[in-house]
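Have a look at the sequence and the model first, then read on.

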Amino acid sequence: MTTGDTYDEMWGRGDDLRPPYEGYKHWLDGEDAKRLRAKRREADELFRLTGITFNVYGRADAEERLIPFDIIPRIISSREWRKLSRGIEQRVRAINAFLHDIYHRQEIIRAGRLPKEMITQNEAFEPKMIGVTPPGGIYTHISGIDLVRTGDDQFYVLEDNARTPSGVSYMLENRETMLHMFPELFLNNRVMPVQGYPRDLHASLAASAPDISGAKPTVAVLTPGIFNSAYYEHAFLADQMGVELVEGHDLRVVDGRVAMRTTQGYQPIDVLYRRVDDAFLDPLNFNPDSQLGVPGIMDVYRAGGITIANAPGTGIADDKAIYSYMPEIVEFYTGERPLLENVPTYRCSEKDALAYVLDNLSELVVKEVHGSGGYGMLIGPTASKKELSEFRKKLTARPGNYIAQPTLSLSTVPIFTNAGLAPRHVDLRPFVLYSPKGVRITPGGLTRVALKKGSLVVNSSQGGGTKDTWVLDD
Amino acid sequence: MLGKTANGLFWMSRYLERAENTVRLIETGQRIALTRSGASDDDWTSVLQTAGALGAYKEAHDEVTRDQAIDWMLRAGDNPSSVLSTIKTARQNARTVRTAITGEVWEATNAIYMYACDTLRRKVGERDLQEVLGHVRRRTALVRGVTHGTMLRNDIYDFARLGTFLERADNTARILDVKYYVLLPSVRAVGSAIDNVQWETILRSVSAQGGFRMEYGNATEPRDIAHFLILDRRMPRSLAFCIGKICDNLGYLAASYGTQPTSLQRAIKMQQKKLSGDMDAIFDSGLHEFIQDFLSDLADLGGQIQTDYRFVE
């Protein structure tokens, strides 16, 4: 039951229930609203108790907050998923080939498929990675490919997260919560499991260990600490993998290896799943003021003494200016047509594009090239006059800093409200593991939902919530 | 295990134990106020002193009143040993060692935190006080229970237990330190109503009134109380019991790591030299001096454990 052009994943564009939702809807019709409201409160209580919280930067009054969870699942058919996962795998392989190339021979630039300035004048390009080949040749051990949907068969890649994508703990906890609250749903619907992720993650990281490590590589998770917004997730993943959660001050370089201070002395680490940004990774090689990293880790890395996941310098691949070249990148390295489409993107660095963007600002979404988390972003159709004129100034002053995209009519999925079901816009972040043993994609991923009616911003830092995501094994 | 993790486990347990002990002290103070006519605010001075909170209290307040003393020990943000502060610190430590503790231990710890943040946001009124105190005490007991019932008996458990028993020994010793004069043999002859109250206070502060009656009947002898709290190895809050447990856990650590750390030797020495004799010897050499020495040895032992197991760099 939707209006206008918006595609609803439950109801399509009309009132015909879409097949993936049939089983769920049948169950839902037998439930009364009162019980569901009670279940929703129970879910909140469960999250609060397990401490699944995130910290919001710049808000002293709310050190930890819950991400709202909606009890209506988002359901994807196995046919849809097969198609998506092929496209995701192609994209992740292309991104890794691209990263290897631009830090080595830069064939893509020689071939004239990518302007040289996109690399040389890009802050996300890391000169210290030139000529460095990570163990196993893997750059993005973990990536999150953000997808949006606008129609029955129409998916777009909104963003490639090649640095340290977060949110996978919500994917796992959302499922745990649903299993706990509605076990009967999982008996009557064949939902593909997601719980294997931590084990897969560990196996994938271990398979990417440097040659120097033994048969059972030591893996550790590096966190900036308990005040980081994603600390809960860092602890969760370390716990689920059964590895140590370390901070910079637990580590030092000992005999050419990165080692952690244990109760029995220093013990070398083979693979470091770091949730610390490049700039803070090594005060000797990057930001000298960093308290979060390990002095000298880059030297150990270059000598092949440790695997850093993801590799430093992968940010160049999820840079929004590079994003607009992804179709070329996929084609260049795989020799195939991209299976997943990019959102049409105007590079404001180009004169004609800038003129178009300025003329049509109120219809476009403008994003900062290096921004993330929904900060520094303009959504034309909902922006005030003041915001529009501010962005106009910013664009004119530093056009190269921005890209623009048409406002997509993102698909909706119903959420449960006190007044019954109501459609809200969603996106999807599948999580992809890549190791010398291959690509592994957990079925589904994290569905983020804009809880405010009509809103297109799904970021948790901006009032978004999450849903359990089902891929049916049908 | 990371040195930092050992540190976090140790302090998480210490702070939870401290929260529980402070609650017990407030309950005891409250009990005196309710049951004894002519109870004065002086009693709260001694409760504050026992809780190790008197110095900071006096910096923040001009006089000791019952109301303010309770509030200070229960929820003052600028009192790092208030129940609320210690619960927050315990939970902060639990977050840093989230990977080392079981989900149930974390949830129980997080539940106290949520309860305390919610309930102690505002001043607790007279009619709610007993209930709130009881609630906190039960919730700390729950953490101890799930720790006991769900944690592997490995080094993680040992460090958590070391924190618990160091704090508990410290607490019992401080109660004795403040009240030692009512336990001296010379007082015995007096045996006034005031003394009876003091003795009861001591026993209640360590939840030992029942255990004491079981062992010694209703005739309260100060010497027996001193023995019960210092040397009785069956009494779970006595100095001998706590040091015994510390020796056990340091021993397990030494066995699993294959080392003989200095801290273990010190703990054994404390047990053998200080806590294996009888009360006569302790009274002869001076009860007060004994307790002072014990507190100082205990602080050294805590420091040595941190060094031996690389809690910090």
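**Charge pairs in the predicted model**

Asp299(A) and Arg302(A) join their side chains in a salt bridge, 3.0 Å from N to O (a side-chain nitrogen of Lys or Arg within 4 Å of a carboxyl oxygen of Asp or Glu). This is a predicted model, where local features need pLDDT of at least 70, side-chain atom pairs count only at pLDDT 80 or more, and totals for chains, interfaces and linings use all residues. Residues are numbered from 1 along each chain as its sequence is written, chains are lettered from A and ligands numbered from 1 in the order in which they are written, and side-chain values use heavy atoms, leaving out hydrogens and water.

**Within a helix**
- Both Asp299(A) and Arg302(A) sit in helix H11 (residues 297–302) of chain A, 3 residues apart, about one turn of the helix (helices are DSSP runs of H or I, at least four residues, and strands are runs of E, at least two, numbered from the N terminus).
- Asp299(A) is partly exposed at 40% relative accessibility (buried means under 20% relative accessible area, exposed over 50%, partly exposed in between, with a 1.4 Å probe and protein chains only).
- Arg302(A) is also partly exposed, at 38%.

**Across the sequence**
- Glu80(A) pairs with Arg149(A) in a salt bridge whose closest N and O atoms are 2.6 Å apart.
- Glu80(A) belongs to helix H3 (residues 78–102) and Arg149(A) to strand S4 (residues 142–151) of chain A, so the pair ties together parts 69 residues apart in sequence.
- Glu80(A) is buried at 5% relative accessible area, and Arg149(A) is buried at 1%.

**The wider picture**
- A network of salt bridges links Glu9(A), Arg18(A), Arg74(A), Glu80(A), Arg149(A) and Asp152(A).
- Over all chains, the structure holds 50 salt bridges.
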